[in-house]
Amino acid sequence: MFHFLKRAMSRDEPTGGFDARIDPPRFLFLLINSRCNLKCEHCSFWHTDDADKANYLDRAGRRRVLSEFAAMNPAGAVVICGGESMLDLEDYFDVAGHCRSVGLTCLSVVNGTRIRTDAMAERMVTEGPHEISISLNSHRPDLHDRTRGVPGAFDKACRAVRLLKAARDRTGSTSRIYVMGLIFDENHRELEPFYDFVLNDLKADKLKLNFLQPSFGDTEVDHFFAAHHKMDPDDLVAEIRRCDERFGLGLNPVWLANVRMYVESIAAGQHYEKGWGAPTRTRAHICNTYERNVMVDHYGTARLCFSTDFRGVPLRAEGDLRKFWLSANDIRCEMRKCNRLCGISHSVRRIGSTLSPAAYSLPVRAPAEA
């Protein structure tokens, strides 16, 4: 009996209904660069320069990983990540093109600055990702430009959305064109005019909300998070509900409860200037990246999270991705106890924002191996 209990409680055994042997990853996040041409106050990627690119995973390696992911989950989705990933256009379209060739859905969030012409917009909707999100922090040009650190960034982002929409109409493409908004103290009471601008002026297919977390990258002092984390949970939730009713968003009430809990958790925190190093945690565990995601960095190291606090494994050969996924239950046991603020991110949260999530985000059970 002792041996049976010991085995049942082993860190190597699947728990909670999830079983890596029959539950393949749903998303593969693939980083292709780490630099950016904006100077966002909540990110430090614009301080980096890809100086070590010679040691990055090459195109053949990325294609190998993508093909193995497709074999594990033909219905899976790939997210092209940066930096500003469109600064390396040939790498960008190589990933998108390989996804299309092996039947994977491809997603990407970009700042819109490289989508300046009809020709580029047409290439994006015919050869690029199936879902293109343009980052936009507000319907107010001054607020977007200030937080993105470059004058004119608002106009470029909006022009990109309009060019993509026009290109889709001309080509008959089925690409989805979204806007991704960062929500923080200065705009959390302005969501209704923000939604109105995105849906009725820009005519994007959707506005996705991403709530302020500690800043991305290595920041010695997190000035932006310290200065902009204060959001009123009652006002925010009421604003989101008004938007849901007015625009027919079909939002998930469980997700909305998690948003309230997240904002309340931040309010109860301390030492905000320490960013990710602060002790602030969410009151409840709302992440499940470890049951659905694989993040592959520039060097080809796979993890179940963007954080390097959890171990990663280099993907050097065919079969390494599957081996990592199947051998990562020790990491999952650690991550099930993690309540860091990144849990609210659209890329890792357990509960989706709408009651009708995209098909690629739903669990797919592979046949059990003999």
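A residue counts as buried when its relative accessible area is under 20%, as exposed when it is over 50%, and as partly exposed in between, with a 1.4 Å probe and protein chains only. By this rule D19 is buried, with a relative accessible area of 14%. The structure is a predicted model, in which local features need pLDDT of at least 70, side-chain atom pairs count only at pLDDT 80 or more, and totals for chains, interfaces and linings use all residues. Residues are numbered from 1 along each chain as its sequence is written, and side-chain values use heavy atoms, with hydrogens and water left out.

**Overall form**

- The chain contains twelve helices and nine strands; helices (H or I, at least four residues) and strands (E, at least two) are DSSP runs, numbered from the N terminus.
- The C-alpha trace spans about 65 × 45 × 40 Å along its principal axes.

**Burial, contacts and surface**

- Of the 370 residues in the chain, 53% are buried.
- Among contacts (heavy atoms within 4.5 Å) with a separation of 6 or more, 75% join residues 24 or more positions apart.
- The accessible surface, from the Shrake-Rupley method with a 1.4 Å probe, comes to about 16500 Å². Carbon and sulfur atoms account for 52% of this surface.

**Charges**

- There are 51 positive and 49 negative side chains in the chain. Lys and Arg count as positive and Asp and Glu as negative, while His and the chain ends are not counted.
- The centres of the two sets lie 3 Å apart, where the place of a charge is taken as NZ of Lys, CZ of Arg, CG of Asp or CD of Glu.

**Salt bridges**

- A salt bridge is a side-chain nitrogen of Lys or Arg within 4 Å of a carboxyl oxygen of Asp or Glu, and the count by this rule is 32.
- D19 forms a salt bridge with R21, and their closest N and O atoms are 2.9 Å apart. D19 is buried, whereas R21 is exposed, at a relative accessible area of 52%.
- D205 and R168 meet through their side chains in a salt bridge of 2.6 Å, N to O. D205 lies in the loop between α7 (191-201) and β6 (206-211) and R168 in helix α6 (residues 153-171), so the pair ties together parts that are 37 residues apart in sequence. D205 is partly exposed at 35% relative accessibility, while R168 is buried at 13%.
- E264 and R283 form a salt bridge at 3.1 Å, N to O. This pair links distant parts of the chain, 19 residues apart, with E264 in helix α10 (residues 253-267) and R283 in the loop between α10 and β7 (293-296). E264 is partly exposed at 27% relative accessibility, and R283 is exposed at 57%.
- A network of salt bridges links R35, D50, K53, R59, R62, D88 and D91.

**Backbone angles**

- Most residues other than glycine have a negative phi.
- K203, which is not a glycine, has a positive phi of about 60 degrees. K203 is in the loop between α7 and β6 and is partly exposed, with a relative accessible area of 47%.
- H271 is not a glycine either, and has a positive phi of about 55 degrees. H271 is in the loop between α10 and β7 and is partly exposed, with a relative accessible area of 36%.
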